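User: I'd like to go through the labels on this model and see what each one rests on. Can we start once it's on screen?

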Amino acid sequence: MLSDALARRGHETTWFTSSFNHYSRKHRPVGRFEPVPNLSVEVLSAPGYEKNISLKRVLHNHRFGVSFRQAAMAAVERPDVIIADLPTTEAASTAVAFGRLVGIPTIVTIRDLWPDFFSDFAPKLLKPLVRLGLWHLEAQSRFACHHATSLVGISQGYLDWGQKRGGRVDPLDRIFYLGYPRPSIAPLAERERLLAQFNIPPTSYVVSFVGSWGATYDLSLVLEAARLLEGNESVTVVVAGDQGKNPDLADAFRRLTNVRLMGWLDKHQVSALLGRSTVGLLPYAANAPQGLPNKIFEYMAYGLFQVATLPGEARQLLEETCTGAFAPAGAAVDFAHSIDGAIKREAHDDRRLERQAVFEQRFEAGQLYDAFIDHAEAVVHQWRLRTTSPQTR
């Protein structure tokens with residue numbers, strides 16, 4: 001989204017990405033292509049991996065960092081600014097190190113709390129060993145956060161983490177939410193076709209989870225809540241994603257009469273499902289590190305009422321905007337009660353348009369990324385002032 005916005009503003013932009021697709025687990029061709037004017041995509045070679053938390057993934061991240069440095073050093077032209085995400089720590093630290101070497105300002109966006117994420121999911125007795133084994137990732141994150149010209153957090157908590165990790169407070173540090181592009185909601189006939197394909201009653205209130213089946217989600221909570229709601233014939237729970245990661249859980253879902261399982265959905269199918277859903281589920285595990293994940297903004301874009309287990313900033317945002325409710329992680333009775341309450345309220349007073357209005361006013365990607373570009377331009381301007389002022393000569 002940022003690359004597209006930069007290109008539309010007339011900035012010549014190169015987006016460096018890996019040859020391995022994290023979501024599909026497939027390799028894409030190495031090379032360079034130009035999807036739209038002013039935007040080039042440079043696909044760099046990196047090995048694949050099967051599991052998100054694995055040594056192979058660390059190797060992939062390392063190889064991508066090496067490939068980026070080689071490509072950057074060989075480039076004939078050098079940019080006015082480099083923007084890198086953390087994660088990965090390898091990409092962020094490599095980008096910042098290159099920027100320092102050749103005199104280019106850098107912006108690091110804190111999108112996940114790496115490498116804290118890995119130790120959070122380790123057994124308690126093994127946490128110290130895991131942290132010790134990840135010392136190099138810790139060092140990379142500290143280097144990137146300390147030496148970046150500007151830190152951007154996707155929430156206040158994430159920015160606070162990055163500033164603490166880097167031992168810094170800088171007037172160029174900012175917060176920009178992830179946002180979500182304005183959706184093109186599928187026509188009613190397409191929505192009804194998708195529901196009919198999965199045997200979802202046309203009069204049913206649809207409660208949806210669309211996401212990965214990874215460690216940060218507690219889908220067993222959705223299973224238990226669905227069991228509690230099974231007597232309510234007006235409710236259908238739809239669970240989409242890579243069910244192959246947990247076949248036993250998938251089998252348990254299939255045994256419930258009020259649950260429909262879908263695999264990975266393309267963007268048109270997601271639009272059809274969410275356009276027909278009433279409630280969106282965010283069943284995060286108790287130790288999930290997410291602050292304000294993009295799923296919040298995706299559900300909000302379609303006007304869904306959300307039931308989430310994330311405390312802190314996510315709970316505060318949903319309650320402040322009246323777009324969702326909080327239920328404690330692992331509490332199936334509370335989770336089911338929140339879903340049931342949301343459906344009863346929506347049956348009497350449909351607030352979908354109001355929630356979509358909140359999204360349009362505050363979290364639509366076009367507005368957010370235009371503001372991000374304004375910030376990137378300001379960083380370049382301030383960098384030039386700093387590096388050319390008499391005090392820094």
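User: What is the strand order in the open sheet, and what kind of pairing does it have?

Analyst: Before that, a note on the source: this is a predicted model, where local features need pLDDT of at least 70, side-chain atom pairs count only at pLDDT 80 or more, and totals for chains, interfaces and linings use all residues. Residues are numbered from 1 along each chain as its sequence is written, and side-chain values use heavy atoms, with hydrogens and water left out. Now the sheet: its 4 strands come in the order β4-β5-β6-β7, with parallel pairing. Strands here are DSSP E runs of at least two residues, and helices are H or I runs of at least four, numbered from the N terminus.

User: What makes β4 and β7 edge strands?

Analyst: Each of them pairs on one side only.

User: How do you know that β4 and β5 pair?

Analyst: Two strands pair if DSSP finds at least two bridges between them. Between β4 and β5 (residues 106-110) there are 5, so they qualify. Isoleucine 83 has isoleucine 107 as its bridge partner, and aspartate 85 has threonine 109.

User: Why is the crossover from β4 to β5 called right-handed?

Analyst: The label applies if, with the strands pointing away from the viewer, the path from the first strand over the helix to the second runs clockwise. Here the chain goes from β4 through helix α3 (residues 89-102) to β5, and the crossover is right-handed.

User: Which residues of β4 are on its covered face, and which on the uncovered one?

Analyst: Ile82, Ala84 and Leu86 are on the covered face, Ile83 and Asp85 on the uncovered one. In a regular strand the side chains alternate between the two faces of the sheet.

User: And β2 with β3: how many bridges join them?

Analyst: There are 4, and the strands run antiparallel. Glycine 31 stands opposite valine 43. In their hairpin, with 2 residues between the strands, asparagine 38 takes a positive phi near 75°.

User: Why does asparagine 61 count as buried?

Analyst: Buried means under 20% relative accessible area, exposed over 50%, partly exposed in between (1.4 Å probe, protein chains only). Asparagine 61 has 4%, so it's buried. This helix α2 residue is in contact with Thr88, Glu90 and Trp114, leaving aside neighbours within four places in sequence; contact means heavy atoms within 4.5 Å.

User: And why is leucine 129 called exposed?

Analyst: Leucine 129, in helix α5 (residues 127-133), has a relative accessible area of 57%, so it counts as exposed.
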